[in-house]
Amino acid sequence: MEDSMKLETLMSIKERRSVRSYRKEQISKEELDAVLEAGTYAASGMGRQPAKMVVIQEPELIAKLSKMNGAVMGADSDPFYGAPTVVIVFADTNAGTWLQDGSLVMGNLMLAAYAVGLGSCWINRAKEMFESAEGKALMKEWGIADTYAGVACCILGYADGPLPEAKPRKNDYIVRV
């Protein structure tokens, strides 16, 4: 791999930010496919790949999911910030590393989104959303076994404005022994 590509990867890690304001325009199929493919290449314990990604682009279903997520946190605001695409990451809890594996998928999704010019944000509370009766019914409808748990929701879209500035890194972030 060329040194410039390695440096580009490191810069993407440093520059990616969570986006909380989106244009209404839907992302392209090519952009979405590139992001999803990156998610499939996330590391997983013993290479088991216990994660699944469910892609939602239907506005009515996104609104329903937003209400479910908001209800978990006791708010009626839109926790998806108007993003036109939501990718829900699930992982099979039979894998001892299910949470870590699903989290690695989320990381790949967000880095890939930045690489193709999309905004993204990790949205918590997927586990609680899909422990509810309504959530379990959706999982059944989507063909997701009940051994799976929600890890997180990755919202995707075109940022409506500049990316936020990075906060300064903590002085004690790294401890060398």
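Two strands pair if DSSP finds at least two bridges between them. The legends below describe close-up views of a predicted model.

**View 1. Strand β4 and its two antiparallel partners, β2 and β3.** Strand β4 covers residues 148–157. On one side of the pairing list is strand β2 (residues 85–92), which runs antiparallel to β4 and is joined to it by eight bridges. Within this pair, F90 stands opposite G150 of β4. Strand β3 (residues 119–123) also pairs with β4 in the antiparallel sense, here over five bridges. In that pairing, L156 of β4 has S120 opposite.

**View 2. Burial of strand β4.** Buried means under 20% relative accessible area. By this cut-off 10 of the 10 residues of β4 are buried, so the strand is largely enclosed by the rest of the structure.

**View 3. Helix α4, residues 98–115.** The helix has 18 residues, which at 1.5 Å a residue should span 26 Å; the C-alpha atoms at its ends are 26 Å apart, so the two values agree. Its buried residues are W98, D101, G102, V105, M106, L109, M110, A112 and A113. These buried residues pack against helices α2 (29–40) and α5 (126–129), and against strands β1 (51–56), β2, β3 and β4. Just after the helix, G117 has a positive phi of about 90 degrees.

**View 4. S44 in the loop between α2 and β1.** S44 has a relative accessibility of 18% and therefore counts as buried, the limit being under 20%. Its side chain reaches the backbone nitrogen of Q49 at 2.9 Å. Leaving aside residues up to four places away in sequence, S44 touches Q49, P50 and D101.

**View 5. Helix α3, residues 59–73.** From its first C-alpha to its last, this helix of 15 residues reaches 21 Å, close to the 21 Å expected at 1.5 Å a residue. L61, I62, L65, S66, M68, N69 and G70 are its buried residues. They pack against strands β1, β2 and β3 and against helices α5 and α6 (133–142). Just after α3, G74 takes a positive phi of about 75 degrees.

Key
Residues are numbered from 1 along each chain as its sequence is written. This is a predicted model: local features need pLDDT of at least 70, side-chain atom pairs count only at pLDDT 80 or more; totals for chains, interfaces and linings use all residues. Side-chain values use heavy atoms; hydrogens and water are left out. Buried means under 20% relative accessible area, exposed over 50%, partly exposed in between (1.4 Å probe, protein chains only). Helices (H or I, at least four residues) and strands (E, at least two) are DSSP runs, numbered from the N terminus. The expected span of a helix is 1.5 Å times one less than its number of residues. Contact means heavy atoms within 4.5 Å. A polar contact is a pair of N or O atoms within 3.5 Å; within protein, one must be able to donate a hydrogen and the other to accept it, and residues adjacent in sequence count only if both atoms are side-chain atoms.
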